[in-house]
Amino acid sequence: MKYLDEYRDRDIALRLCRDIKAIQTRPWTIMEVCGGQTHTILQYGIEDLLPPALKLVHGPGCPICVTPVAIIDKAIAIAQTENVIFCSFGDMLRVPGSDCDLLDVKARGGDVRVVYSPLDCLKIARDHKDTSVVFFAVGFETTAPANAMAVWQARELGLRNFFMLTSHVTVPPVVTAILQAPGNQVQAFLGPGHVCSIMGYQQYEPITRNYGVPIVISGFEPLDLLEGIYRCVEQLERGKAQVENQYLRAVDRPGNKRAQALLKEVFDVVDREWRGLGAIPKSGYKLSYSFRDFDAERFFDIALPPAREAAICISGQILRGLKKPSDCPAFGTACTPERPLGATMVSAEGTCASYYKFKHWSEDHA
Amino acid sequence: MCLAVPGIVEELYVKDGLPTAKVSFGGVRRSVCMTYTPEAQVGDYVIVHVGFAIGMIDEEEAANQLKILHLSGQLADELADGDNSNEIS
């Protein structure tokens with residue numbers, strides 16, 4: 001397919017690896033922010049092509065992985081409520097809550113549906129006027145405009161039976177939190193390409209200045225990532241710390257102004273709890289006051305006991321780049337994609353699931 | 001989750017008051033909401049995420065970048081002629 005295949009050229013990839021090797025004089029640690037980037041890095045074995053002194057750590061950019069168990073529990077409780085159709089992106093169904101997952105609710109007769117687009121929920125709501133249709137709105141800035149449009153359009157259409165359970169998170173605050181965490185090892189970032197298609201990359205400029213780290217906004221194909229890595233190493237070697245845009249075909253500095261305008265209208269910025277990382281100030285969105293009638297948390301008003309999760313799971317340290325899946329005693333044994341203990345094993349973009357799929361899990365990759 | 005795929009706009013229309021397109025992804029066609037890229041025309045490439053075009057592919061930038069990647073490769077190969085530094089170690 002055009003704009004995909006040409007960024008998978010083997011010869012150019014190998015040359016970029018040689019170029020990286022040629023300019024690197026010291027060990028460096030680079031974090032790719034997005035789960036999609038992690039997936040490509042593992043799928044194409046990119047780590048194995050790079051010099052050993054160049055360490056890639058895998059970041060928190062998988063929204064499925066960072067959605068707190070308490071919100072999953074709330075989704076499960078709403079999905080179990082009488083007269084509810086609960087709609088979600090497919091990846092969320094197998095995320096373990098304290099006691100079960102959304103797929104269990106479906107197996108027990110709950111009306112849980114997978115949708116491709118949040119707009120699909122509006123059709124369901126129109127076809128089932130006497131049923132409450134709830135959409136589980138998760139995702140980063142890439143997904144938020146689609147979900148914002150679903151609510152905006154629901155208001156336009158006068159739908160009173162459509163609600164959103166919102167757990168949106170944003171990238172710049174978590175990048176800052178990683179840099180501020182004690183023991184941080186990350187010296188440069190491959191920035192989130194599609195998030196920046198929406199938001200542009202101005203938000204990352206103060207981060208590079210304040211923390212002295214290069215951030216190279218990168219795409220998701222092997223050549224994108226290798227070029228991004230090359231530019232990170234080049235900046236690190238020269239002692240520079242700037243935002244660079246590798247993903248020129250899809251990102252510009254201002255971003256998509258129309259999408260940003262709707263985000264501002266539909267959502268308010270709030271503090272959010274991140275699974276494995278804890279609370280991060282001003283790191284997410286909730287529905288704004290003028291869209292409160294669509295807020296599932298307000299409509300259903302569900303009180304639940306504190307969330308519980310598997311004590312053995314180290315996904316928090318994995319999301320901060322402090323540990324690798326192979327450091328976890330449960331990896332590939334008690335915890336597998338079929339029976340995940342933690343969120344990084346659930347989503348196809350989760351670091352543990354990518355390792356399980358593309359690397360032999362009994363090897364020591366540390 | 002932030003997976004977004006480039007596709008070509010084949011047809012533009014309005015659905016429920018929203019600008020919409022039939023977009024082809026290597027022959028697989030889907031209905032895509034164009035509200036965030038109303039400037040896209042039939043024949044343009046857009047990047048699609050959860051049924052929304054989140055941006056247009058800048059075809060000029062894409063062509064330039066690929067040209068540079070290919071050219072610098074040829075240059076590296078020419079420079080490497082006569083020594084072994086081009087071999088993968």
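Between which two strands of chain B does the loop holding Val50(B) lie? That loop runs between strand E4 (45–49) and strand E5 (52–56) of chain B. Keep in mind as you look around that this is a predicted model.

**Where the chains meet**

- The contact between the two chains involves 43 residues of chain A and 31 residues of chain B.
- On the chain A side, at least two residues each come from helix H1 (10–23), helix H2 (35–43), helix H4 (63–66), helix H8 (144–157), helix H10 (193–199) and helix H13 (257–266).
- H8(A) gives the largest share of that side, with five residues.
- Sorted by class, the side of chain A that touches chain B consists of 23 nonpolar, 11 polar and nine charged residues.

**Val50(B)**

- Though Val50(B) is not a glycine, its phi is positive, at about 40°.
- Val50(B) counts as buried because it has 25 C-beta neighbours inside 10 Å, and the cut-off for buried is 20 or more.

**Asp16(B)**

- Asp16(B), also a residue other than glycine, has a positive phi near 50°.
- You will find Asp16(B) in the loop between strand E1 (5–15) and strand E2 (18–25) of chain B.
- Asp16(B) has 13 other C-beta atoms within 10 Å, so it is partly exposed: a residue is exposed at 12 or fewer and buried at 20 or more.

Notes: Residues are numbered from 1 along each chain as its sequence is written. Chains are lettered from A and ligands numbered from 1 in the order in which they are written. This is a predicted model: local features need pLDDT of at least 70, side-chain atom pairs count only at pLDDT 80 or more; totals for chains, interfaces and linings use all residues. Two residues are in contact if their C-beta atoms, placed from the backbone, lie within 7 Å. Helices (H or I, at least four residues) and strands (E, at least two) are DSSP runs, numbered from the N terminus. Ala, Val, Leu, Ile, Met, Phe, Trp, Tyr, Cys and Pro count as nonpolar, Asp, Glu, Lys and Arg as charged, and the others, Gly among them, as polar.
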